[in-house]
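I'd like to walk you through a two-chain model, so please have the picture open while I talk.

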Amino acid sequence: MTRMIVRRLLIGVFVLWGAATLIFVIVRVAPGDPAQVLLGPDASPEQVRQLTATLGLDRPMFVQYLGYLGDAVRFDFGESARLGRPAMDAVLDRLPATVDLTLTATTIAVVLGLVLGVVAGGRPGGRLDRVVSAATIALQSFPTFWVGIMLTLLFSLGLRLLPSSGVGTPAHLVLPAVTLSLPFVAIVARVTRSSVAESMDEQYVQTARSKGLTERQVLLGHVLRNSLVPVVTVIGAHVGGLMGGVVIVENVFAWPGLGSLVVDAVANRDYAVVQAATLLIAVVVMVLNLVADLVYPLLDPRIRLESAS
Amino acid sequence: MTATVLPDHVPLARRRGTGNLPAVVVGFFVLVAVFGPLLVDYDPVHTPLTDRLRPPGSATSTGTALLGTDGLGRDVLAQIIYGARTSMVIAACTVLVSCLVGVTLGVIAGYARGWVDAVLARVVDVFLAFPGIILVIVIAGAFERSVLVVVIALSSVGWMSFARVTRAVALSLRERAWVDAARVLGVSRVSIVRRHVLPFAAGPVVAMATLEFALVVLAEAGLSFLGIGLPSGAVSWGQTIANGKQYLETAWWISTLPGIALSLLIISVGILGDQLTARYGRGRLPS
């Protein structure tokens, strides 16, 4: 167990180093003098020279890279000239809003996905199964940003039930969270369905039925519990996708989280914030993947940790 | 970014006896992308403001706007037609680049194994550390706006699935008797890979290319919705949808209709990809 965790952590550190390097390369290969970009087009050559020296941009590339890595380890990505404060502070400020959004969306995805999956898988090939199958195809194919706009059109402009953008009340959270969750509802439903459908032929289901339990009791008490492992697996595997969805959804609903910060920073070439935000996201995704890997054996002792690594 | 992973049981379309429908829809979109711009004129810079926000079917100064006009008086149908071309061209180029890079690296890793394979696996780990769309946004945003940059940015994420599929095929093939035979006969590595390994990867790679096409169309639309990557003169569905957002209350059609076209294309390509995957498998081989 410990060996596996250490191994995973070492791989994680390597991956983060690679990720930091990748971002460094992209930012340095990009056209434009970073000092000029930071100061804007109106800066005098003297100002540009000065900032170049302050940022150490006149040092050899390799020295800059080492300095960058050293700073990155301390999560110090420098000042954002645009925001007038350390980049990491700006990123951490936005984190809670994104956590709210992703947690709510994950909850919706798990609850709705489990319900749909159990309903569909309880009678494979039945009418409900086919309806759910068609719905999951649609949910996974519709572009998230368009779905968000359509939900806004329907629920805030048409029915006037929910606010269309911004933050403040729990009502503000509903549309963004639902929009973000829909593709994952489909994924959870699909996985639950196939695992439930598979379990329906198992001996323990026959035993439960022959005890005289109703079909509902069999499904909820026996089949569902055993279907949770693949659901945890699939959520762990899709944390990255969820963070990707956040970028789009936060922009549709003007949600003040990490996703809208990243897009803003990219659009304004605010590389300090781009580096801080992308690496923080990489760390979060890595940690959550690790946690998911550690949780499977608790849910299903048959999974050996060695094979999970 | 998580589109078109469809149920692994029998495809819905086939059960209903409409197995060819997705192919027909995709074919229609291809025709529109190729010939549409020849039949319909559209100039993104021409903005007849007297025609702005006309609902579908209205008469305008240049004819009838079947699908209405946008906030600058430009025809929505024409934007959908030109946007189809943009989407298709970018998706086709991206899939081609991803496929070339992915298949090359995948076959090398799978056939050579050992440290080459290990290095490739770690490189993939690094690329997977970021949610795909974020890497695409950072790359596309860092460079001058152009179609080429968008293709490169999308390919930076797209090559990995091709590498995975091809690696799996190459791994299982290198142990086959005919590959051994070729090796014993002294056939060069390159020839073995080209004549005895790659042909078997064709089916799975084509299936993967189709699924990847759907994902790329989706990602490109997301990118242009965010206003990153494409030059301002380019017409794209994502851009039209984004432009319509501010007029939702008065002009629902601007965002709604291109989104329907986009969804229809993605669903059709996705189902087509699943049909191909069911036929050729994900790296499954004839034994």
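**A walk through the two chains**

Let's start with chain B, which has 10 helices and two strands. Please keep in mind throughout that this is a predicted model. Reading chain B from the N terminus, the order of elements is α-α-β-β-α-α-α-α-α-α-α-α. The C-alpha trace of chain B spans about 75 × 45 × 30 Å along its principal axes. Chain B has 287 residues, and 51% of them count as buried. Look at contacts in chain B between residues at least 6 apart in sequence: 73% of those join residues at least 24 apart.

Now over to chain A, which has 14 helices and two strands. Its C-alpha trace spans about 85 × 55 × 30 Å along the principal axes. Of the 309 residues in chain A, 39% count as buried. For contacts in chain A with a separation of 6 or more, 70% come from residues 24 or more positions apart.

So how do the two chains meet? On the chain B side, 46 residues are in contact with 52 residues of chain A. Helix 4 (114–128), helix 5, helix 8 and helix 10 (253–280) of chain B each supply at least two residues to that side. By class, the chain B side has 29 nonpolar, 11 polar and six charged residues.

Next, the core. The largest nonpolar core has 163 residues, and the members that touch the most others are Val262(A), Val273(A), Ala277(A), Val136(B), Ile137(B) and Val138(B). Which helix gives the most to this core? That is helix 8 (residues 189–225) of chain B, with 19 residues.

Staying in chain B, let's look at a helix pair. Helix 5 (residues 132–142) and helix 6 (residues 147–173) of chain B pack at an angle of about 150°, their axes 8 Å apart. Helix 5 and helix 6 of chain B are therefore roughly antiparallel to each other. From helix 5 of chain B, the contact uses Gly132(B), Leu135(B), Val136(B), Ile139(B) and Ala140(B). From helix 6 of chain B, the partners include Val149(B), Val150(B), Ile152(B) and Ala153(B). In this contact of helix 5 with helix 6 of chain B, the residues divide into 10 nonpolar, two polar and no charged.

Chain A has a pair to set beside that one. The axes of helix 5 (residues 87–122) and helix 8 (residues 170–199) of chain A come within 5 Å and cross at roughly 35°. Helix 5 of chain A passes helix 8 of chain A in a right-handed crossing. The residues of that chain A contact divide into 22 nonpolar, eight polar and two charged.

Back to chain B for helix 9 (residues 237–244). Seven of the eight residues of helix 9 of chain B are buried, so this helix is largely enclosed by the rest of the structure. The buried ones are Trp237(B), Gly238(B), Gln239(B), Thr240(B), Ile241(B), Ala242(B) and Gly244(B). What covers them? The cover includes helix 7 (144–158) of chain A, together with helix 3 (76–112), helix 8 and helix 10 of chain B.

I'll finish with some loops. Most residues other than glycine have a negative phi. Phe75(A), however, is not a glycine and has a positive phi of about 55°. Phe75(A) sits in the loop between helix 4 (61–73) and strand 1 (79–80) of chain A. With 15 other C-beta atoms within 10 Å, Phe75(A) is partly exposed. Arg269(A) also has a positive phi, near 50°. You'll find Arg269(A) in the loop between helix 12 (258–267) and helix 13 (271–299) of chain A. Arg269(A) is partly exposed, with 18 other C-beta atoms within 10 Å.

Last stop, Pro48(B), in the loop between helix 2 (21–39) and strand 1 (58–60) of chain B. Pro48(B) is partly exposed, with 14 other C-beta atoms within 10 Å. Leaving aside neighbours within four places in sequence, Pro48(B) is in contact with Ser61(B) and Gly73(B).

Note on methods
Residues numbered from 1 in each chain as written. Chains lettered and ligands numbered in written order. Predicted model: local features only at pLDDT ≥ 70, side-chain atom pairs only at ≥ 80, totals over all residues. Axes fitted to C-alpha atoms, helices over the stretch in contact; angles between N-to-C directions. Helix = DSSP H or I, 4+ residues; strand = E, 2+ residues; numbered from the N terminus. Parallel < 35°, antiparallel > 145°, perpendicular 65-115°, else oblique. Contact = placed C-beta atoms within 7 Å. Nonpolar A, V, L, I, M, F, W, Y, C, P; charged D, E, K, R; others polar. Core = buried A, V, L, I, M, F, W, Y, C linked by C-beta atoms within 7 Å. Buried ≥ 20, exposed ≤ 12 C-beta atoms within 10 Å, placed from the backbone. Left-handed = near helix turned anticlockwise from the far one by under 90°.
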